[in-house]
Amino acid sequence: MLYEAYEIQRKLLEGASLWAGMGSEWMHNPANPWAGTELGTMMASGLDVFAHASAPHGKPRFDLAATRIDGVSVPVAEVVEARRPFGQLLHFTRAGAPAGQPKLLIVAPMSGHYATLLRGTVERMLPGHDVWITDWRDARLVPLSDGAFTLDDYIDYLIGWLGHIGPGAHVLAVCQPAVPAFAAAALMSADDDPARPRTLTMMGGPIDTREAPTAVNTVATQRPFSWFQQNVIATVPWQYPGAGRKVYPGFLQLTGFMAMNWGNHLVSHWQMFRHLVAGDEDSVAATKAFYDEYRSVCDMTAEFYLQTIDVVFQRHLLPKGELTHRGRRVDPAAIRDVALLAIEGERDDISGLGQTRAALAITPHLPADKKQYHMAAGVGHYGIFNGRRWRERVAPVLEAFIARHDAGNAVPPAETPPHAVPDEPKRIERDGQMGL
């Protein structure tokens, strides 16, 4: 009944949003005697904020029509290169781009948001790289006849898509996919697969959540596994193609993230109201664009979500060397020539400092000159891959790492010294596209 109750609420809010939007337009209409007055402007602004906050949100678009290479605008097209029930491999082709640029597979998180959450990541890497991305599908749209989707399937998808891209690709795993991407690299290395990635960069990923546990980790460990089975899993209702499928609904994931920073979201909407009153359209547009993306959520299959809770957050099987893939142990020591870069944000309140860096410690047979660590000072979780700090401070580190290893020459990386973590409360980061 959880999903059905949500659908009823969503429909009610959708209607309320429509009426509020119409009311806002009327308050701006020159035929309205209150239009242009201070009271009328405040009423219109308040209705606009409510209309936007309660509006439904579907899957966003990347809308990356062009990029600039060497000062020249180059058209970009989205091409679906491979498709499977729970996701597709999307390729951003660029007409006239220089040949031989590094192939980069960006692995988007399957964590309640769409791959478009990484729009800023893709945009920044497009000029110098041949970019591909995993475009995951909303589980409520996948019919039961297409079967289940587990962590094993996730790893299989990555291995298959790397095979499609071909040898020499580089992988960037953002947040949650750090674990399956690392597992895929280990399995492909053990098999001497020619399509194994040349480099694997992990950003804010939960490789070992025993390091600096955050509120997210605490939620996953303070309750028994059975609690998650009984309280956060719902059944997709009849009106969707995936009717009858057990899922972890995206709206629950969104509610959890909103609750973590509820005060900050209230402040954001209050500021949006003030910007509307003041006529600051650019600031209003930036806030709306962020929340359009933030509130666009999708469902995960129950089996994948529960397996992640169990394997990654509660039993820590990967760093213990006990993770298995279809009955076969995933051996981190098998990684011998896939260069690893671990990137963490100093103020990351989702993946604490040290959780991603742990990947460098569990690969004993990987030479030191193929391991690199970077801690982005003053950056929160979403600032690692979106916003000004990503574009100006983090992306150059990634680009240099890829370039250093793209031709196979292992030049020793510059050491990035660990930094002390300031003893202060975590806070929402509003940088560029505004980290959550």
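Colleague: Which residues does His170 touch, not counting residues up to four places away in sequence?

Modeller: This is a predicted model, in which local features need pLDDT of at least 70, side-chain atom pairs count only at pLDDT 80 or more, and totals for chains, interfaces and linings use all residues. Residues are numbered from 1 along each chain as its sequence is written, and side-chain values use heavy atoms, with hydrogens and water left out. Contact means heavy atoms within 4.5 Å. On that basis His170 touches Pro102, Lys103, Leu104, Leu105, Arg198, Thr199, Ile402, His405 and Asp406.

Colleague: Is His170 buried or exposed?

Modeller: His170 lies in strand E6 (residues 170–174); helices (H or I, at least four residues) and strands (E, at least two) are DSSP runs, numbered from the N terminus. Buried means under 20% relative accessible area, exposed over 50%, and partly exposed in between (1.4 Å probe, protein chains only). Because its relative accessibility is 0%, His170 counts as buried.

Colleague: What separates the C-alpha atoms of His170 and Pro197?

Modeller: Along the chain, His170 and Pro197 are 27 residues apart.

Colleague: What share of the contacts in the protein chain, between residues at least 6 apart in sequence, join residues at least 24 apart?

Modeller: The protein chain has 14 helices and 14 strands, and 55% of its 436 residues count as buried. For contacts between residues at least 6 apart in sequence, the share joining residues at least 24 apart is 78%.

Colleague: What should helix H4 span, and what is the distance between its end C-alpha atoms?

Modeller: The expected span of a helix is 1.5 Å times one less than its number of residues. H4 (residues 151–165) has 15 residues, so it should span 21 Å. The end C-alpha atoms agree with this, being apart by 21 Å.

Colleague: Which residue caps the N-terminal end of H4?

Modeller: Buried residues in H4 include Leu151, Tyr154 and Trp161, and just after the helix Gly166 takes a positive phi of about 100°. At the N-terminal end, a side-chain oxygen lies 3.2 Å from the backbone nitrogen of Asp152. The residue that caps this end is Thr150.

Colleague: Which residue forms a salt bridge with Arg140?

Modeller: A salt bridge is a side-chain nitrogen of Lys or Arg within 4 Å of a carboxyl oxygen of Asp or Glu, and by this rule the count comes to 13. Arg140 is buried, with a relative accessible area of 18%; Asp138 is buried too, at 3%. The closest N and O atoms are 3.0 Å apart, and the partner of Arg140 is Asp138.

Colleague: Which residue stands opposite Thr235?

Modeller: Two strands pair if DSSP finds at least two bridges between them. An open antiparallel sheet has 3 strands in the order E8-E9-E10, with E8 (234–235) and E10 (300–301) at the edges, each pairing on one side only. E8 is joined to E9 (residues 246–248) by 2 bridges. In E9, the residue opposite Thr235 is Lys246.

Note on methods
Polar contact = N/O pair within 3.5 Å; in protein donor to acceptor, adjacent residues only side chain to side chain.
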